[in-house]
Amino acid sequence: MNPTLASAPLHVAVILSGCGFQDGSEIHEAVCTLLALDQQGAHYQCFAPDMAQARVANHYSGSTADESRNVLVESARIARGAIQPLSAFDASHFHALVMPGGFGAALNLSDFATAGAQCSVQPDVARAVTSMHQAGKPIGALCIAPVILARLIPGARITIGQDADTAQACEALGAKHHNTTHGEVVVDEDNRLVTTPCYMLDARISQIYAGAQALVHEVLCMAPSSRAA
């Protein structure tokens with residue numbers, strides 16, 4: 001049974017990191033996540049940090065573009081303008097939190113792309129994740145975004161798919177990594193985390209949607225049943 005149909009809709013915060021897989025949110029992952037939330041009866045609100053992107057990519061050539069873009073402004077493209085700065089996030093207003101992947105999770109939401117196991121997490125992101133975790137509310141992360149959970153939550157059980165080097169870096173952060181394939185999720189019941197690999201594997205968009213659907217289902221099943229947070 002859809003976990004949101006028996007009571008008032010659950011409210012889920014979605015953190016975006018820009019627009020485009022090379023320097024922001026992976027658009028397929030973000031849209032599939034929003035679609036899965038809607039189809040499973042949840043309400044969502046998108047957030048993004050109000051900050052300059054770490055880099056700007058030309059998604060046609062793959063080269064770095066000589067320009068500056070703002071993470072919140074670019075994320076608004078995916079959210080159709082219905083987005084708030086992450087500094088305004090209040091954990092008491094939401095039942096769950098989800099972070100789609102894309103390289104922006106490792107460039108903007110954290111500096112994992114350059115610092116690896118020595119990475120830090122952007123302060124607004126760290127506050128949002130930590131406040132939800134401390135409140136016992138579930139957190140989902142897709143693709144490379146689980147590295148943020150590895151950094152912030154000691155002993156987190158996660159997956160980033162099957163990439164050995166990234167898995168090793170996650171374990172150096174104290175996480176417990178599990179190899180997965182398309183559409184599979186790892187559920188950490190103790191820490192109330194759900195992760196899935198998505199484009200960390202060579203994937204078709206239908207496989208991305210399968211992973212997003214599975215992750216959203218598990219997150220919503222873990223969420224507190226009451227609307228009041």
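**Burial, helix faces and enclosed spaces in a predicted model**

C143 is buried, with a relative accessible area of 6%. The questions below concern a predicted model.

Q: Is R192 buried, partly exposed or exposed?
A: R192 is located in the loop between strand 8 (186–188) and strand 9 (193–196). Its phi is positive, near 60°, in a residue other than glycine. Buried means under 20% relative accessible area and exposed means over 50%. With a relative accessible area of 24%, R192 is therefore partly exposed.

Q: What span should the residues of helix 5 have, and how far apart are its end C-alpha atoms?
A: Helix 5 (residues 123–134) has twelve residues. The expected span is 1.5 Å times one less than the number of residues. The result for helix 5 is 16 Å, which agrees with the separation of its end C-alpha atoms, 16 Å.

Q: Why can the buried residues of helix 5 be said to line one face?
A: The buried residues of helix 5 are V125, A126, A128, V129 and M132. An α-helix has 3.6 residues a turn, so residues three or four places apart point the same way. Seen down the axis of helix 5, the buried residues line one face because they fall within an arc of 165°.

Q: Which elements pack against the buried residues of helix 5, and which exposed residues does the face turned away carry?
A: The buried residues pack against strand 1 (11–15), strand 4 (96–99), strand 5 (139–142) and helix 6 (146–152). The face turned away from the buried side carries the exposed residues P123 and Q134.

Q: What is the arc of the buried residues of helix 7, seen down its axis?
A: In helix 7 (residues 164–172), the buried residues are T166, A167, A169 and C170. These residues line one face of the helix, since they fall within an arc of 160°.

Q: What covers the buried residues of helix 7, and which exposed residues are on the face turned away?
A: The cover includes helix 4 (112–115), helix 6, strand 6 (157–158) and strand 7 (176–177). On the face turned away from the buried side are the exposed residues A164, D165, Q168 and A172.

Q: Which helix gives the largest share of the lining of the largest cavity?
A: The largest cavity has a volume of about 30 Å³ and is lined by H182, G183, T196, C198, A203, Q207, I208 and G211. Three of these lining residues are nonpolar, five are polar and none is charged. The largest share, three residues, comes from helix 8 (residues 205–222).

Q: Which residues does A30 touch, not counting those up to four places away in sequence?
A: A30 is in helix 1 (residues 27–39) and is buried, with a relative accessible area of 0%. Its C-alpha atom is separated by 9.9 Å from that of G20, ten residues apart along the chain. Beyond four places in sequence, A30 touches L16, I78 and P100.

How values were computed
Residues are numbered from 1 along each chain as its sequence is written. This is a predicted model: local features need pLDDT of at least 70, side-chain atom pairs count only at pLDDT 80 or more; totals for chains, interfaces and linings use all residues. Side-chain values use heavy atoms; hydrogens and water are left out. Helices (H or I, at least four residues) and strands (E, at least two) are DSSP runs, numbered from the N terminus. Buried means under 20% relative accessible area, exposed over 50%, partly exposed in between (1.4 Å probe, protein chains only). The arc is that of the directions from the helix axis to the C-beta atoms. Contact means heavy atoms within 4.5 Å. On a 1 Å grid over the protein atoms alone, a cavity is a set of points where a 1.4 Å probe fits but cannot get out, and a pocket is an open set with protein on both sides within 12 Å along at least five of seven lines; lining residues have an atom within 4 Å of a point. Grid points are joined across faces, edges and corners, and a volume is the space filled by probe spheres set on the points. Ala, Val, Leu, Ile, Met, Phe, Trp, Tyr, Cys and Pro count as nonpolar, Asp, Glu, Lys and Arg as charged, and the others, Gly among them, as polar.
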